[in-house]
Each structure stands twice: as C-alpha cells, then as structure tokens.
Amino acid sequence: MQELIDYIKEYGTVLPHDVLKVDAFLNHQVNAQLMKHVGEEFAHRFAGEKIDHVWTVESSGIAPALMTALALDVLMIFARKHQSLTLKHDMYTAKAYSYTKQTTNNISISKKYVTPGENVLLIDDFMANGQAVNVMLEIAKTAGVHVVGVGIVIEKSFQPGGKKLREQGLRVESLAKIKSLADGKVSFVEE
Ligand code: 5GP
C-alpha cells in the first residue's frame, strides 16, 4: 500500500534491536485518515470471505482493527492484556511474549462475545516473530472459531512470523513489507 510506505519513509525511525518506530502515525499519534484507508484496504483484500468479527490485541492493533471492522460493517474485539495469575472462567486466555517490552502477558477475550463456529479476521499493527497472532490463533482454536486470515499493517519480513504462518496455510496480508532495518535504514520488499 503505497500511501503507508510513503508514511513509513517519511516518519519511521529505526531503534536498536530491529524495532521500527512509527509513533507519528500508528503507535502513539494516530493518523485517522491513513487508518481509514488501511481498514478499507483490508476489507478489499478479504472481500471474498465471510467475516463475522475482527479480532486484535490491545493497544496498538486497535486503530487499524477498528477501521477494518467499520469497512466490513462487523464488530471488533480487542483482546485484553493482563498479568493476573487467576484464570477467569468466563474468559478465553493464552500467554504472549511481548517483543518490544520483553514481558509475558496473559491475553484474554470474554466468552460472552465469541460464538463457536463464527469466522474471524485477525488484525495487528506489526508482525515480527508472530507471537501476537499465535496467541489469537490459540484462543480461536480453544473457542472453536474459524480464522479466515490475518491482516498486518507492517510486516518485518526478515523476521520469521509471517513465513511460518503462511507455511501453516494461513492467509496473511501485509500492507507494507520491510526487507531490512540494517544500519538504521528502512528497505522494503519489492512486489
Ligand atoms: P510478534 O508477536 O509478531 O513478534 O510482534 C508483534 C507485536 O510486537 C506487535 O503487536 C507490535 O506491537 C510489536 N512489535 C514488533 N516489532 C515491532 C516494531 O518493529 N515496531 C513496533 N512499533 N512494534 C513492534
């Protein structure tokens, strides 16, 4: 998606440990027009699928997921992160390791908003090692929900998450694919 690539080129900065900072339009300040276009692009790419719900993980996935839900005219759920040791029986819960914060969290979705057999589209801001998506897949499996695909705003293609999920047969659509962040320079996968 050229508009997104242009934003990354203009505002993205490279931090140590291969982290791309996009606080100017996605992860802190949010550009609503760009997110609207992101949502429309995901809705367009998954137009052939029956989708009942959009799922993401708080907090950075919320903006693109909400706009996708709006474009698809369905409800969106953001899984909550918490460090609670007590498992609640009214929630589906799985453990996730945060790449940027280097902490482990429980990720939960209330059973109240999940219907077994429904079709769900997973959305997230970044794909690195695939942890965030894997945790949603784990919850979907436990809940008996069908995942129609995964929409990622920025995929770091030099990290293994996207490749592994595609090898499992999952449809993964990424709007910008980063080839490398070496030497502080952002380079994109040519498509
Ligand atoms: P994964 O679970 O695929 O390893 O990483 C995905 C999650 O980590 C995303 O939800 C995102 O919040 C965070 N993340 C991973 N890499 C980056 C990055 O380079 N920049 C930013 N801003 N977040 C990242």
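1. The structure is a predicted model, in which local features need pLDDT of at least 70 and side-chain atom pairs count only at pLDDT 80 or more, while totals for chains, interfaces and linings use all residues. Residues are numbered from 1 along each chain as its sequence is written, and side-chain values use heavy atoms, with hydrogens and water left out.

2. An open sheet of 8 strands, with mixed pairing, has the order β5-β6-β4-β3-β7-β8-β9-β10. Because β5 (91-97) and β10 (187-188) each have a single partner strand, they stand at the edges, and one side of each is left without a neighbour in the sheet. Here two strands pair if DSSP finds at least two bridges between them; helices (H or I, at least four residues) and strands (E, at least two) are DSSP runs, numbered from the N terminus.

3. Strand β3 (residues 53-57) and strand β7 (residues 119-127) run parallel and are joined by 3 bridges, and the bridge partner of W55 in β7 is L122. Helix α2 (residues 32-45) packs on the sheet, where α2 touches β7, β8 and β9, and its direction makes about 120 degrees with that of β9. Contact means heavy atoms within 4.5 Å, and axes are lines fitted to C-alpha atoms, for helices over the stretch in contact, with angles from 0 to 180 degrees between N-to-C directions.

4. The axes of α2 and helix α3 (residues 62-72) come within 7 Å and cross at roughly 55 degrees. The two helices are therefore oblique to each other, given that angles under 35 degrees count as roughly parallel, over 145 as roughly antiparallel, 65 to 115 as roughly perpendicular and the rest as oblique.

5. Where α2 meets α3, the residues in α2 include M35, V38 and F42, and those in α3 include P64, M67 and L72. By class, this contact has 10 nonpolar, 2 polar and 2 charged residues, where Ala, Val, Leu, Ile, Met, Phe, Trp, Tyr, Cys and Pro count as nonpolar, Asp, Glu, Lys and Arg as charged, and the others, Gly among them, as polar.

6. In α3, A63, P64, A65, M67, T68 and A69 are buried, and the buried residues of α3 pack against α2, β3, β4 (75-82), β7 and β8. Buried means under 20% relative accessible area, exposed over 50%, and partly exposed in between (1.4 Å probe, protein chains only). Just after α3, D73 takes a positive phi of about 60 degrees.

7. S110, in strand β6 (residues 104-110), counts as buried because its relative accessibility is 18%. Not counting residues up to four places away in sequence, S110 touches D90 and M91.
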